[in-house]
Amino acid sequence: MSAVFALSAAWLVWAAAFAALYALHGLGCAIGADERSVGPLTQLQVMMGVVWIAALAGSAGIVLALWRGAEAAPGGVPRRLLRASWMAALLAIFITGLPLTFPSACV
Amino acid sequence: MSGDAEPAAQPDLRLELARTWSTPQGWWGVIVNVNHTDLGKRFMAAAAFYFCVAGILSMLIRAQLASPRSAFVGPEIYNQIFTMHGTLMMFMFAIPMFEGLALYLLPKMLGARDMAFPRLTAYGWWCYVFGGMILLASMLVGKAPDGGWFMYTPLSSRTYTPGINADIWLLGVTFVEISAVCAAVEITVTILKLRAPGMSLDKMPLVAWYLLVTALMMVFGFPPLILGSVLLEVERAFGWPFFDPARGGDALLWQHLFWLFGHPEVYIIFLPAAGVISTIIPVMARTRIVGYGWIVAAIFALAILSFGLWVHHMFTVGIPHMALAFFSAASTLVAIPTGIQVFAWLATLWQGRPELKLPMLYLLGMFVVFVMGGLTGVMLAVVPFNWQAHDTAFVTAHLHYVLVGGFVFPMLAAIAYWLPHVTGRQRLPRLGEAAFWLIFVGFHATFFFMHIVGLMGMRRRIDTYHAETGWTLINALSSVGSYVMAFGFALFLGDCLMQRFVKRRAAADPWGATTLEWAMAIPPRAYNFVSLPSVRSRDPLADEPGLTQQLKRGEGYLARVREGLRETLGVETSTGRIEQIVVLPGNSALPFIMALVTGGFFLSMLAGLYWIAPAPVLGVVVLACRWAWQGGARADVGPLQIGRGERAPPHPETTSTPGWWGSVFTLCADATFFASLVFGFAFLWVVAPNWPPPACIGSISVEAAIGIAAPMLAVVAVSFARAALRRGALARAMGACMAAGVLVFVAAAGVAAIPVLGKLPDVTAHAYAAVAGAMLAYLALHLVIAFVMLGFAAARLRAGYMSALRMHELAIVEQWTRYAAVVAAIVLVILLLSGACR
Amino acid sequence: MMWRVMLIGATGAFALVMVLLAAGFLRPGGGAPVSVGAWLGWGGVGFVSTVLLALLAYAFTVGLRLAPTASPGGVTITATAEQWRWRFDYGPLRSGGTEAIMVLPAGRPVVVQVTARDVIHSFWVPRLAGKIDAIPGHVNRLRLQAAAPGEYAGVCAEFCGIGHRSHGFMVLALDEPGWNAFVSGTDPDELSPWTLR
């Protein structure tokens, strides 16, 4: 099972970030968080931005850790594959979050 | 012949294996059969039957649309026809077809003698049969579902579909889904535990990876749909307004739950087919697959990404553009792992010397059709384009390209490839090729032009159209194409059936394949292997010539029969180290009886005889206890000889048993079901109209305290029981189990007090109370399950089925008690917090 | 425009795969082996993701332009669907609503507020805009604009039961004088030469 977890982990982080962004968006629009401004941004943008950046930073950290460290293979999965998975997931988190830069959130 | 002595060579080993694994002749044998080869074949045959039925329905659709203003059938019948076409193809053909293939192949490819839970295989089969009968019967009496295969509410709710049609769909499909979830759990555990010794995960044939991921996707993908169906049926039967906007429900909740299942479903269908492709292509190209690791990583990416796509079926429901863009991005990203696979297949063909044998021909068809379907899929992921093309014939064309290219063509290739394995015979030359060209040409004639007529504005699901629209010629072409395709399928079927009469024996490994399913006599015997292989590479037949003969001579593992028991080997999940001898159950009528009783529940719901429904539920509980009572051992025997100088204990004396893993994955599915319910509550609260509700839940602090604390104490008691058992203190363990049972019972009483004391507002008045009621019902059900299991554990302890060595049954009971405690805490805290609902 | 770009891109991608496939079969005696990294890295990941990301960026920008934000000089109309009728109300602009015919001023942006009374329907005028679902309990907004006066056919695009096929309506786009006459109460039947069912 550890191999299954090792291979899924990167994408589970993507899934968690994705679900959090979508949930926050729905909740934020329902409570009007897009109408309260925080500096140049809206409250909703700040909340979602924090989640996005946290997910990006977290997976970037893991990519770095995988680059250094010993050449161990967690759960028997070659490190090369894990690195590729985490980099792909990092990129996926970035792309999935790009709509955050849209000017309006709730229309 | 027990215990220690290395068994003498058994001259009549094959005879004895055959006797141990045999099934009685005649009808009784049909009922009690639990063998994976037979049940796999049955699943595939039945799926082919439903493919024909649904195919005939589609020909009726094409007959209706062949000319404008057709009066062939009216909208009442037409709506039933297209609803049933989609429903049967999805639930009765595609899923069972791949289940059948997996059941048939998996143990053979992994080097095992059967699936992990043979009786569950049979139970799934009978659920599929009985559920299918409900659907078929409804068609014969003209009361078939008519709301479209995704059954959108409120059209499918009681007000707008007053008849039994929608109930048939909800109950019939849910019944069949039981079989799908059973198969998912079983496939997962079989792949993780029942492999040949030495087959670590990275030495598995690729198709096992595909099936593992598919099965895991089903574990997490099907529960949302089952929940949706249950809620909608409860709304229809008892008036709990989950989806009624006038009473705080929301039609969109159904769409979320349905597509949360529905999109992964597309990949659940595609991945096994892709596994077949990855198996056949290297054989046809006489090489090995390129990029094994890449493909495995891509499968995982694909599986998880596919859970983030569901809203792209809902691009027109008025979700804000930013949210749509999240899903649009995910929908685009999912094409990348698919692209990796397609390029890996291309690279494999380049690396080898491909030969255009029949399976390869069908795979070429796959390449053309599937790539086109993928490309139109990318177009549909673009939101502005989707707004135009959504719900037109363009989408119909796209989904047929994806599903026929991504599933039907690979399955035809699979049949062409493995049929000699099933029958042990050769096919007639050239029939299959002729069938291919008819299907291929007919398919494109039917569906290619449908893209165009869709872009011209032809909607889905209309029963006719006017000549002025200019769609006449294209539709006529489509209809002609569909009949050509039908001839092709008939010819293909005829080719398969011919093997009954044309008795030309096939070679032992006709394609020169390298996987273990060809290392046995064909057609296969009930026990698969005379002795079990030890695997050292991904292509055992290529790297160890003579392996087949060695196994037949009994030079592998378990070349003996111990006390008439059906045995296979269980390994450690990752490394493939030998861990245990898995003792499998023999022939049994229990699966059939249990499915019959389960069917009784569904029929009583269907007939509106709700007061009868508890009786079959009770019956299922009793039968489940009987089921679990069989098997196990009353004495410790210790590690046994398994041949080749190695030893392993029988599975009851280990901790990581198939049963334990099966319980883990069942709980995963169960937890997903529960999470979907919690999601539904949050969704309605945030999004649905007509909130806040008229009345909130009353003060329940006392009930909640009892309901949370008692199961926690029960968990402690079970841990104590385990500790006592480990020391061999059976009486104490039994006492602790019974104490835990009493605690769970107290908790159930506390929970029941909430509605009994009138603290739950009227569940038919508002969705708030309805969901709260549903959560309480879910909690009560799990407390009851824990209660029954604890009683069962006490009885097993008393009867001597547990000891300090044989503890895994108690570990399973502990899992479920813990789960009940966690559910109790979550449900009651949510209800406490939602007491301030206004 | 967008359609043409996607069609060309898709045809190109399809052709590429087919050429690679054909070459795999037809190479005489097997060409130079291409490495795994090259196939999967450049083909599977590089090629596929470049195409897709370009398309995604394009889709995002087009989608943003279509967002139903209110604009100056705009008109808001409420469309209500039920089995199997369409009703249109014009708010403060006009006291009476219309059935089966939606009247709007040509050349001006219009925001349609779409809802339903019973089951889910979908508002779709193919020549004016994409579709938006009419869902009981929800109000969805769609922006559209008729460039020239005329008649535009509209249909229900979400399956809504027995009468789904003929659950349609007509959009009547009027020039400025016609629109003025309409909002002051003139019956739409008198504003057009056509008699609508």
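In this predicted model, chain C is divided into two parts, domain 1 covering residues 2-65 and domain 2 covering residues 75-191. The C-alpha centres of domain 1 of chain C and domain 2 of chain C lie 42 Å apart.

Chain A can be followed from its N terminus, where its elements run in the order α-β-β-α-α, and its secondary structure amounts to 3 helices and 2 strands. The radius of gyration of chain A is 17 Å, well over the 13 Å given by the globule rule for 107 residues, so chain A is more spread out than a compact globule. Its C-alpha trace spans about 50 × 25 × 15 Å along the principal axes. Of the 107 residues in chain A, 43% are buried, and among the contacts in this chain between residues at least 6 apart in sequence, 65% join residues at least 24 apart.

The accessible surface of chain A comes to about 5000 Å², with 74% of that area belonging to carbon and sulfur atoms. On this surface V38(A), L41(A), V46(A) and V50(A) make a nonpolar patch of about 290 Å². One of these residues, V46(A), lies in helix α2 (residues 43-67) of chain A, and V46(A) counts as partly exposed because its relative accessibility is 31%.

Turning to charged side chains, a search of the whole structure finds 24 salt bridges over all chains. Side chains of opposite charge can pair when their charged atoms come close. One such pair joins two chains: R165(C) forms a salt bridge with D463(B), with 2.8 Å between the closest N and O atoms. R165(C) lies in the loop between β9 (150-156) and β10 (168-174) of chain C, while D463(B) lies in the loop between α15 (431-455) and α16 (472-498) of chain B, so the pair joins two chains. R165(C) is partly exposed at 31% relative accessibility, whereas D463(B), at 6%, counts as buried.

Within chain B, D543(B) forms a salt bridge with R288(B), the closest N and O atoms being 2.9 Å apart. This pair links distant parts of the chain, with D543(B) in helix α17 (residues 540-543) and R288(B) in the loop between α8 (251-284) and α9 (292-305), 255 residues apart. D543(B) is partly exposed, with a relative accessible area of 37%, and R288(B) is partly exposed at 38% relative accessibility.

Also in chain B, the side chains of E555(B) and R553(B) meet in a salt bridge at 2.7 Å, N to O; E555(B) is partly exposed at 39% relative accessible area, and R553(B) is exposed at 54%. Finally, R158(B), D167(B) and R236(B) are linked in a network of salt bridges.

Note on methods
Residues are numbered from 1 along each chain as its sequence is written. Chains are lettered from A and ligands numbered from 1 in the order in which they are written. This is a predicted model: local features need pLDDT of at least 70, side-chain atom pairs count only at pLDDT 80 or more; totals for chains, interfaces and linings use all residues. Side-chain values use heavy atoms; hydrogens and water are left out. Helices (H or I, at least four residues) and strands (E, at least two) are DSSP runs, numbered from the N terminus. The radius of gyration is taken over C-alpha atoms; the globule rule is 2.2 Å times the number of residues to the power 0.38. Buried means under 20% relative accessible area, exposed over 50%, partly exposed in between (1.4 Å probe, protein chains only). Contact means heavy atoms within 4.5 Å. Accessible areas come from the Shrake-Rupley method with a 1.4 Å probe; for residues, only the protein chains shown count as cover. Domain bounds come from an automatic or database domain assignment. Patches are made of residues with over 30% relative accessible area and no salt bridge: like charges are joined within 9 Å, nonpolar side chains (Val, Leu, Ile, Met, Phe, Trp, Tyr) within 5 Å. A salt bridge is a side-chain nitrogen of Lys or Arg within 4 Å of a carboxyl oxygen of Asp or Glu.
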